[in-house]
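Please look over the sequence and the model first.

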Amino acid sequence: MVFFQPYQGSALLFKEQPARFNQPTLLLSNTPLLVKLELEKYGTTALAELLSGQRPLDNIEPTSLAYSGHQFGQFNPLLGDGRAHLIGGVKLDDGRQYDLHLKGSGATRFSRGGDGFCALGPAVREFIMSQAMVGLGVPTTECLAVVTTGHHVYRQGEVPGAIVCRVAKSHIRIGTLQYLATQQDKDELWSLLNLLGEQLFEGFKVETEQDVLELFREVCEQLVDLVVEWMRVGFIHGVMNTDNILLSGETIDFGPCAMMEKFDFNAVFSSIDRQGRYAFGNQPNIMNWNCARLAEALLVLWQDEQAGIEAFSQILAEFSESFNRKYKDMWAAKLGIDEWSDADDMLLSDLLKLMTEHELDFTNTFAALTNSLLGHPNKALSVPTELESWGRQWAQRRAADDVAANLMSQANPILIPRNALVEAEIALFNQQGMSQTLESWLTALTSPYDYKDYPESWTSASTPAHYQTFCGT
């Protein structure tokens with residue numbers, strides 16, 4: 001394992017020093033990830049200092065990254081890391097590389113008047129949600145640790161401050177390439193695309209326009225896979241701006257995210273999404289829209305602009321085709337159907353109509369169907385009576401019990417990070433600085449497809465009325 005400076009020499013990097021904190025304390029740590037990155041050798045005090053930016057990682061200078069972004073459809077040419085610092089990268093012996101990125105570590109030149117800090121509650125949310133996403137099998141950045149700073153920040157009152165250390169394969173966003181395109185920095189664009197090809201796509205060389213198209217196609221496929229996985233587990237990102245979409249296909253930014261409980265394609269929980277732009281059912285279209293913005297950024301590399309538009313348009317059409325195919329595969333797995341047919345569209349439509357009409361819980365409905373084929377290992381889950389008639393049609397269509405059960409038990413989690421439980425944990429940390437219940441729940445969330453009995457609160461739909469989430473980190 002070696003430490004290195006990610007994106008060294010790039011025009012995207014700006015040297016920035018994290019704020020100074022007198023009492024950084026390691027509050028939460030992701031032990032498996034620490035071991036994977038070979039950082040477990042550091043003691044608790046040293047880790048708190050490293051992961052709060054109080055001491056450098058192998059003499060690497062902290063930096064912040066510049067990027068642009070479409071925020072709710074409106075383009076901002078310069079955003080950047082307003083409260084974040086890239087403290088270094090880790091390269092493992094097998095060649096895998098990861099960025100270490102601090103959030104809430106102080107103001108930078110991109111802060112736009114903000115204080116650059118993070119409250120404890122949003123940091124706890126990211127720790128829970130990112131680990132839950134790993135357990136669910138959704139591509140994601142991971143929270144390595146939460147470090148309390150000993151300082152308070154002001155967010156509708158005084159609250160404890162904290163820093164999140166985030167680990168990602170790459171922090172290059174769609175907005176990053178938009179920034180370079182805005183700068184008309186073609187040399188830097190070529191350089192960055194080659195770096196992405198090397199790090200994320202098995203050493204792929206990007207030297208020609210055709211290579212750019214192939215890389216774009218691969219990125220689109222990864223983003224198709226990502227949004228299908230979000231839909232499979234009922235995850236609502238909440239703020240799918242182009243600066244929050246990584247080209248690595250990993251989930252990033254857990255501020256206003258939430259889990260859908262009562263099934264509704266129009267479900268929105270983000271306090272800033274007043275028009276429902278990023279509602280649950282809109283996520284595929286928005287991801288396609290974001291990919292189109294990426295294509296616009298890459299188009300500056302083309303000699304013949306019209307030829308470039310036609311080439312990118314073809315790949316964007318493939319995005320829709322790929323999504324529709326994988327989306328049906330997702331529902332097939334959730335329903336235990338080994339090969340989807342046109343008739344299954346009506347079966348699914350009827351189910352979703354019933355779920356909407358009777359406000360059925362998304363996770364529990366599919367978990368109950370799965371549980372019934374597994375022999376009811378969870379005694380509390382039963383198929384809703386509203387689905388009895390539909391269930392007879394489903395029984396005629398699905399695969400044999402053992403085949404269907406195998407498909408469904410891998411596609412349908414019985415546990416998700418339910419919104420009320422996340423909020424309860426945040427409240428405990430805000431009130432007591434700790435939680436005695438988080439460890440057992442978080443351990444269970446790492447194996448959410450393990451069908452057995454659980455505390456009722458872990459599987460009960462409990463999203464508060466008028467529930468809202470906020471861009472806290």
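At what angle do helix α9 and helix α11 pack, and how far apart are their axes?

## Helices α9 and α11

This model is predicted. In it, α9 covers residues 343–357 and α11 covers residues 388–397. The two helices pack at an angle of about 150°, and their axes lie 11 Å apart. An angle over 145° counts as roughly antiparallel, so α9 is roughly antiparallel to α11. The crossing of α9 past α11 is left-handed.

Which residues make the contact? From α9 come Asp-344, Leu-347, Asp-350, Leu-351 and Leu-354. They meet Trp-390, Gln-393, Trp-394 and Arg-397 of α11. By class, this contact holds 5 nonpolar, 1 polar and 3 charged residues.

## Helices α6 and α8

Helix α8 spans residues 305–335. It packs with α6 at an angle of about 30°, with the axes 9 Å apart. Angles under 35° count as roughly parallel, so α6 is roughly parallel to α8. Here the crossing is right-handed.

The α6 side of the contact consists of Val-212, Leu-213, Phe-216, Arg-217, Cys-220, Glu-221, Val-224, Asp-225, Val-227, Val-228, Met-231 and Arg-232. The α8 residues that they meet include Ala-311, Phe-312, Ile-315, Leu-316, Phe-319, Phe-323, Tyr-327 and Met-330. Glu-318, Ser-322, Lys-326 and Lys-334 of α8 also take part. Sorted by class, the contact has 16 nonpolar, 1 polar and 7 charged residues.

## Helices α8 and α12

Helix α8 also meets α12, which runs over residues 401–411. Their axes come within 6 Å and cross at roughly 115°. Ala-333, Lys-334 and Leu-335 are the α8 residues in this contact. Their partners in α12 are Leu-407, Met-408 and Ala-411. The contact comprises 5 nonpolar residues, no polar residues and 1 charged residue.

## The cavity

How many cavities of 30 Å³ or more are there? The count comes to 1. The largest cavity holds about 40 Å³ of space. Its lining is made of Leu-177, Leu-193, Val-212, Leu-215, Phe-216, Val-219, Leu-247, Leu-294 and Leu-298.

Two elements give two or more residues each to this lining: α6 (209–233) and α7 (283–298). The largest share, 4 residues, comes from α6. What classes do the lining residues belong to? They divide into 9 nonpolar, no polar and no charged.

## The loop at Val-300

Where does Val-300 sit? It lies in the loop between α7 and α8. Val-300 and Ile-286 are 14 residues apart in sequence. In space, they are 22 Å apart, C-alpha to C-alpha.

Which residues touch Val-300, leaving aside its neighbours within four places in sequence? Val-300 is in contact with Ala-181, Gln-184, Lys-186 and Leu-189.

Key:
Residues are numbered from 1 along each chain as its sequence is written. This is a predicted model: local features need pLDDT of at least 70, side-chain atom pairs count only at pLDDT 80 or more; totals for chains, interfaces and linings use all residues. Side-chain values use heavy atoms; hydrogens and water are left out. On a 1 Å grid over the protein atoms alone, a cavity is a set of points where a 1.4 Å probe fits but cannot get out, and a pocket is an open set with protein on both sides within 12 Å along at least five of seven lines; lining residues have an atom within 4 Å of a point. Grid points are joined across faces, edges and corners, and a volume is the space filled by probe spheres set on the points. Ala, Val, Leu, Ile, Met, Phe, Trp, Tyr, Cys and Pro count as nonpolar, Asp, Glu, Lys and Arg as charged, and the others, Gly among them, as polar. Axes are lines fitted to C-alpha atoms, for helices over the stretch in contact, and angles run from 0 to 180 degrees between N-to-C directions. Angles under 35 degrees count as roughly parallel, over 145 as roughly antiparallel, 65 to 115 as roughly perpendicular and the rest as oblique. A crossing is left-handed if the near helix is turned anticlockwise from the far one by less than a right angle, and right-handed if clockwise. Contact means heavy atoms within 4.5 Å.
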